[in-house]
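Dear colleague,

Please find the structure below, followed by a short account of what was found in it.

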Amino acid sequence: MTELILQALYSGLLQGGSYALIALGLALVFGAMKVINLAHGELVLLSAYIAYSVESGLGWNPVFAIPVSLVVVCLASVMVYLVVGRIKKDREINSLILTYGIGVILTNAILLIWKADVRSTGSSWLQEAFVVGPLYSMRGEVLFFVVSLAMIVGLWWWLSRSWYGRAVRAVSSNRNAAMLMGINPGYTELVSFVVAGILAAVAGVALFSYGVISPAYGNVLTVKAFIITVLAGIGSIPGVLIGAVLLGVAEALTVTLASSALQELAGMGLFLVVLFVMPNGLFGANGRRG
Amino acid sequence: MKNTYKRAAMAALVAWSLGLSAAHADELTVGVQLPMTGTLARVGSGMQEGIIVAAEVFNKANGKHKIKLISVDDESAPAKAIAAVEKLASQGALAITGGYGSNNIAPASDAAGKLGLVYVTSGGVDDSLVNSGHKNFFRINNTAGYQKAMVGLLADMNIKSVSVIYSTKEATTGLAKDLEKALSAKGVKVVGHAFDPALTDFKPIINKIKLRDKSEAIAMVGYENDYVGILRAARVLKPAVKAMVGVWSLATPKMAADFPDLMPNVYGTAVLPFPAEFKTADGKSFNEAYRRLYKKEPDYLGQFGYVQSMLLFEALARAADKGTLKKDGVAEEMRKTDRETLIGHVRFGSNGDNPNFTHRMGQHQAGKVVIVWPKDAATGTIKFPGVPW
């Protein structure tokens with residue numbers, strides 16, 4: 001039993017790292033602009049399909065698709081911003097509807113370009129077992145768990161130490177006050193969308209490297225990312241990692257100790273319990289003040 | 001003068017339209033309702049290929065009747081499936097072929113039944129589809145055929161314990177439960193592991209099988225993405241099993257080509273070996289048209305789509321010849337179907353099901369799919385014990 005639980009905790013930890021990487025971009029835009037980008041999952045998926053094209057077309061390891069994915073997904077993210085940025089009234093609700101529509105367009109574009117077949121990496125190196133004592137995983141999972149941690153630290157540093165990061169936080173706190181301080185809110189929001197695009201590009205390549213993708217999968221990714229963002233508390237980057245790992249571990253333990261059919265239910269149960277006890281999420285603004 | 005021109009123009013228009021309808025009098029319009037987007041887009045487009053090939057082959061061979069296909073995407077959603085059938089009926093469809101997923105087929109076939117249209121499918125194996133009393137519903141495959149093949153292979157392997165991993169979707173749960181029952185009846189120890197369709201990391205399940213179940217074989221009842229996840233987790237954890245056996249969408253050329261590291265020695269239900277060998281005239285026509293239209297190896301979805309549609313087209317033609325198209329003639333002609341097809345002998349029972357449906361089991365061997373069960377249909381030697389790692 002100990003071995004089973006240890007493996008579940010390890011699998012949950014790695015899965016949590018993967019969830020965190022997917023959720024980061026959505027959390028950033030949500031925190032900075034109060035925009036719930038429901039097309040975020042599709043941007044991640046777009047990157048995953050670019051990784052597929054690079055692997056199947058050029059025979060390269062999907063990791064080398066990151067530069068191409070960065071360019072394409074950042075451009076797509078900027079386009080999403082250009083549409084969302086035009087909303088002047090009731091931004092939260094209107095952006096929800098608008099980005100949902102963009103998500104549908106992206107899903108169908110992916111379907112047209114790459115067809116409906118399921119795809120995953122053929123790289124033997126990424127699929128090989130990585131064994132530490134009684135703990136088993138794929139190399140790809142460990143590699144991108146480390147990448148996920150690095151991205152979280154990088155994003156946290158950028159938001160707290162860099163000028164643009166501070167500007168994003170300032171606009172997020174009080175848009176008018178930030179303008180009085182000489183910050184261009186439009187430009188700052190554009191920067192946050194570009195950074196979200198970078199995160200989505202890396203998350204997509206990671207997803208293709210250890211998971212299975214299909215055109216309809218973007219929606220699932222968005223929902224998972226949204227749950228983690230709310231669980232973490234709006235604007236908390238370390239909270240995203242902790243929320244994602246909690247979700248991953250809760251799901252893996254449910255599969256091990258109960259039934260895998262209850263996995264999604266366990267995740268949603270955790271989400272509801274946390275929101276019931278801490279309505280601002282684990283590390284939400286009120287919680288931090290307290 | 002102006003009125004004369006108008007009258008002449010009107011007369012010409014009427015004459016032209018009458019001529020047009022006369023020229024197209026032998027055109028039989030068939031509605032295709034399939035998921036071309038959404039979660040079932042992959043299987044929907046696979047079946048559509050077979051349907052288009054069937055129309056191509058039928059039209060080439062028949063001078064008297066021409067099939068005209070009109071398609072509507074049901075977006076993998078039950079409500080859209082009903083709307084699709086209603087739209088097809090309003091566009092003049094005489095019958096419906098297609099449908100994927102029992103939860104989509106049930107309401108769609110119900111709508112077709114109310115409109116008096118025959119509905120034929122191979123995309124739903126839930127038994128409630130044929131037990132709901134619809135007189136116009138027909139399907140060419142069922143759970144029993146898949147279950148017989150899996151149980152037969154495992155029995156021939158003399159497997160004593162099996163862990164069944166199955167998706168909680170309706171069709172997969174139904175098949176897994178039937179499989180568990182049939183294996184238990186043969187004295188095989190069975191442990192079931194249901195998983196949510198959203199599950200992506202199968203390591204905790206495989207670890208349970210490795211450390212707790214210690215079964216001799218793993219039976220997988222899911223879809224392509226599930227198989228890839230399960231096989232990947234199994235390759236990492238290497239449970240001490242003798243066989244990895246799956247059901248539909250597994251022993252296919254696509255899986256062999258896309259996942260060459262994961263597939264070696266894996267078993268799955270299969271109609272034909274790969275590379276495909278077509279011995280009948282019907283099979284050769286299908287093969288030639290499929291390759292010409294799609295420039296690839298025919299797969300099982302195409303074969304099933306082809307068979308269901310060809311049987312429908314033949315029934316439509318017979319009903320048209322007898323002048324009973326509008327008088328339940330199509331359903332009547334479908335019930336008279338009794339012939340060999342690419343998927344075996346098809347004959348419809350009173351409930352519209354095909355009691356003759358049986359499947360074969362294939363095994364991935366060196367990038368090919370070899371039929372290994374039943375013995376009389378085998379195209380190669382079984383590799384047992386055999387796992388991908």
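In chain B, helix α2 (residues 41-61) lies across β1, β2 and β3, and runs at about 165° to β2(B). Helix α4 (residues 102-114) of chain B also packs on the sheet, where it touches β1, β3, β4 (118-121) and β5 of chain B, and its direction makes about 155° with that of β4(B). Helices (H or I, at least four residues) and strands (E, at least two) are DSSP runs numbered from the N terminus. Angles run from 0 to 180 degrees between N-to-C directions, with axes fitted to C-alpha atoms, for helices over the stretch in contact; contact requires C-beta atoms, placed from the backbone, within 7 Å.

This is a predicted model: local features need pLDDT of at least 70, side-chain atom pairs count only at pLDDT 80 or more, and totals for chains, interfaces and linings use all residues. Residues are numbered from 1 along each chain as its sequence is written, while chains are lettered from A and ligands numbered from 1 in the order in which they are written.

The open sheet of chain B has five strands in the order β2-β1-β3-β4-β5, with parallel pairing (at least two DSSP bridges between two strands). Because β2 (66-73) and β5 (137-139) of chain B stand at the edges with a single partner strand each, one side of each lacks a neighbour in the sheet. From one strand to the next, the twist averages 25°. Strands β1 (residues 27-34) and β3 (residues 95-98) of chain B run parallel and are joined by four bridges; B:Q33 has B:G98 in β3(B) as its bridge partner.

Yours sincerely

Technical notes. Contact = placed C-beta atoms within 7 Å.
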